[in-house]
Amino acid sequence: MSTRARIILFVVLAVLVVGGLGAWTVFQSQQIQPPSIAGQQAPSQVRGMDFGLRYDVHCSFGDRESTIFRGCKVVGFTGPDQLPGKFGGSSLVYFDRWLILELNDGRLAYIPPTSLKYLEVAK
């Protein structure tokens with residue numbers, strides 16, 4: 001291998017190593033940091049919700065007293081079936097992103113996102 005080819009190979013490898021280290025540093029700094037609770041850091045395990053379970057859903061609708069939907073299953077949310085645009089999309093933007101709950105008796109309840117306070121796993 002010629003000296004010129006070795007120099008080019010060295011430069012390419014150096015760029016790859018430095019770029020990789022830079023990307024690794026950015027990745028490490030962007031990892032999710034757990035919140036502090038009472039001056040201590042919460043466990044660092046990120047956990048998702050199990051939508052196969054049933055939940056007690058706590059809501060507050062305007063100035064009314066809080067409402068609890070017991071033993072509900074989260075089955076989805078509302079939204080347009082197409083992106084808004086000239087030839088499609090929902091004109092009912094107000095109802096986009098509402099949570100859809102399946103109640104114990106099979107009925108569906110549609111909850112505005114601003115009314116949802118918290119969910120807890122049902123007994």
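This is a predicted model: local features need pLDDT of at least 70, side-chain atom pairs count only at pLDDT 80 or more; totals for chains, interfaces and linings use all residues.
Local features need pLDDT of at least 70 and side-chain atom pairs count only at pLDDT 80 or more, while totals for chains, interfaces and linings use all residues. Residues are numbered from 1 along each chain as its sequence is written, and side-chain values use heavy atoms, leaving out hydrogens and water.

Let's start with the overall layout. The protein chain has one helix and seven strands (DSSP runs: H or I of at least four residues for helices, E of at least two for strands, numbered from the N terminus). Along the sequence they follow the pattern α-β-β-β-β-β-β-β. Of the 123 residues, 19% count as buried, meaning under 20% relative accessible area with a 1.4 Å probe, protein chains only.

Now to Asp-56, which sits in strand 3 (residues 55–59). Asp-56 counts as buried because its relative accessibility is 9%. Its side chain has these polar partners, where a polar contact is a pair of N or O atoms within 3.5 Å, one able to donate a hydrogen and the other to accept it, and residues adjacent in sequence count only if both atoms are side-chain atoms:

| Partner of the Asp-56 side chain | Distance |
|---|---|
| Arg-70 side chain | 3.3 Å |

Glu-102 has Leu-108 of strand 6 as its bridge partner. Five residues lie between the strands, and Gly-106 takes a positive phi near 95°.

Methods:
Buried means under 20% relative accessible area, exposed over 50%, partly exposed in between (1.4 Å probe, protein chains only). Two strands pair if DSSP finds at least two bridges between them.
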